[in-house]
Amino acid sequence: MKSLETERLILRQWQPEDADFVLDLYSRWEVQRFIGNHPQIMRDRAEAEERVRTWRNIHQQPLAHPSHAIWAVQLKAGAPLVGTLLLKSIPASGGTLPLQPSGDTEIGWHFHPDHWGNGYATEAAAAGLGYALDSGLDKVVAVTAPANTASQRVCLRIGMTHRGQTERYYNATCELFEARAPH
Ligand SMILES: CC(C)(COP(=O)(O)OP(=O)(O)OC[C@H]1O[C@@H](n2cnc3c(N)ncnc32)[C@H](O)[C@@H]1OP(=O)(O)O)[C@@H](O)C(=O)NCCC(=O)NCCS
C-alpha cells in the first residue's frame with residue numbers, strides 16, 4: 001500500500017500496535033452513528049485487532065483494485081493518529097448476505113472527534129481521491145446517510161458532485177457523490 005503525504009498529514013498502512021487507537025475511535029457513538037444500517041460501537045480490543053488485520057489485507061477482497069487502500073491518518077506534528085481514510089470496493093444492494101461488490105470504488109473517512117473541525121478529513125480525502133483518479137480509477141463514489149451533513153460537506157469540499165439519493169449500494173438510501181477522472 002502506498003503511503004501518501006500532505007501538508008499536515010501522513011497516510012500510511014495500519015500496524016497491529018494501532019489497535020488501541022482503533023478501539024478508541026470506533027467505540028464512540030458519535031463516530032459510529034451514521035455508519036451502516038444498524039450502527040454499533042466497537043466493544044473490545046480483539047475486534048480492533050481483527051479490524052486492523054482486515055485493513056492490512058484489503059487487496060484480498062473481491063474486485064479490489066491495486067490502488068485500493070485503507071490508510072491510518074497521522075498528524076506530522078507530534079504523530080498522533082487522527083482517523084481512517086478508506087478507498088475500497090463498495091457493495092451493491094441485493095437480497096442475500098454478504099452483499100456482493102458493485103464494481104465501483106468508494107472513498108470514506110472516519111475521524112476522531114478530538115480532531116474534528118481542523119480540515120484533516122478534507123485534507124486526507126483530497127489526497128486519497130487525487131491518488132485514486134491518478135492511478136487508473138475512472139470514477140470514485142462516496143455515500144453518506146442523508147442526515148450526515150458533516151460528511152456531505154467533506155464530499156463537496158474535495159470537489160465531488162452530489163447526484164441526489166440512491167439505493168444502489170449497501171441496501172440503504174444514501175446521498176450519492178461522484179468524482180470522475182479528467183479525460
Ligand atoms: C465526517 C467527518 C470526518 C467530518 O469531520 P470534520 O472535522 O468536520 O471535517 P474536516 O476535517 O474536513 O474539517 C472541516 C471543518 O473544519 C473547519 N476547518 C478548520 N480549519 C480548516 C482547514 N485548515 N481546512 C479546512 N477546514 C478547516 C472547517 O470550517 C469545517 O467546519 P464546518 O464543516 O463546520 O464548516 C467527521 O464528522 C467524522 O469522522 N464523523 C464520524 C464518521 C462518519 O460519519 N464518517 C462518514 C461516513 S459517510
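## Ligand contacts

A backbone N or O atom of Asn118 lies 3.4 Å from an oxygen atom of the ligand. The model is a predicted one, and two further contacts of this kind are found in it. A polar backbone atom of Phe111 is 2.8 Å from a ligand oxygen atom, and a polar backbone atom of Tyr120 is 3.0 Å from an oxygen atom of the ligand. Of the 940 Å² of accessible area that the ligand has on its own, the protein covers 71%.

The shell around the ligand draws two or more residues from each of the elements α2 (29–32), β5 (101–111), α4, β6 (139–144) and α5 (149–157). The largest contribution, five residues, comes from α5. In total, 21 residues surround the ligand, and the closest are Trp109, Gly117, Ala121, Thr122 and Arg153.

## Helix α4

Helix α4 comprises the 15 residues 120–134; at 1.5 Å a residue it should span 21 Å, and its end C-alpha atoms are 21 Å apart, which agrees. Because eleven of its 15 residues are buried, α4 is largely enclosed by the rest of the structure. After α4 comes Gly136, with a positive phi near 105 degrees.

## Aromatic pairs

The model holds four aromatic pairs. In one of them, the ring centres of Tyr26 and Trp55 are 5.9 Å apart and the planes stand at 55 degrees, so the pair is tilted. Tyr26 belongs to helix α1 (residues 19–26) and Trp55 to helix α3 (residues 45–56), so this pair ties together parts that are 29 residues apart in sequence. Since buried means under 20% relative accessible area, Tyr26 counts as buried at 1%, and Trp55 counts as buried at 6%.

Trp71 and Tyr131 form an edge-to-face pair, with 5.7 Å centre to centre and 75 degrees between the planes. Trp71 lies in strand β3 (residues 69–75) and Tyr131 in helix α4, so the pair ties together parts that are 60 residues apart in sequence. Trp71 is buried, with a relative accessible area of 0%; Tyr131 is buried as well, with a value of 17%.

## Surroundings of Tyr26

Tyr26 and Trp55 also belong to one aromatic cluster with Trp14 and Phe21.

How values were computed. Residues are numbered from 1 along each chain as its sequence is written. This is a predicted model: local features need pLDDT of at least 70, side-chain atom pairs count only at pLDDT 80 or more; totals for chains, interfaces and linings use all residues. Side-chain values use heavy atoms; hydrogens and water are left out. Helices (H or I, at least four residues) and strands (E, at least two) are DSSP runs, numbered from the N terminus. The expected span of a helix is 1.5 Å times one less than its number of residues. Buried means under 20% relative accessible area, exposed over 50%, partly exposed in between (1.4 Å probe, protein chains only). Rings of Phe, Tyr and Trp (its six-membered ring) pair if their centres lie within 6.5 Å; planes under 30 degrees apart count as stacked, over 60 as edge-to-face and the rest as tilted. A residue is near a molecule or strand if one of its heavy atoms lies within 4 Å of it. A polar contact is a pair of N or O atoms within 3.5 Å; within protein, one must be able to donate a hydrogen and the other to accept it, and residues adjacent in sequence count only if both atoms are side-chain atoms. Accessible areas come from the Shrake-Rupley method with a 1.4 Å probe; for residues, only the protein chains shown count as cover.
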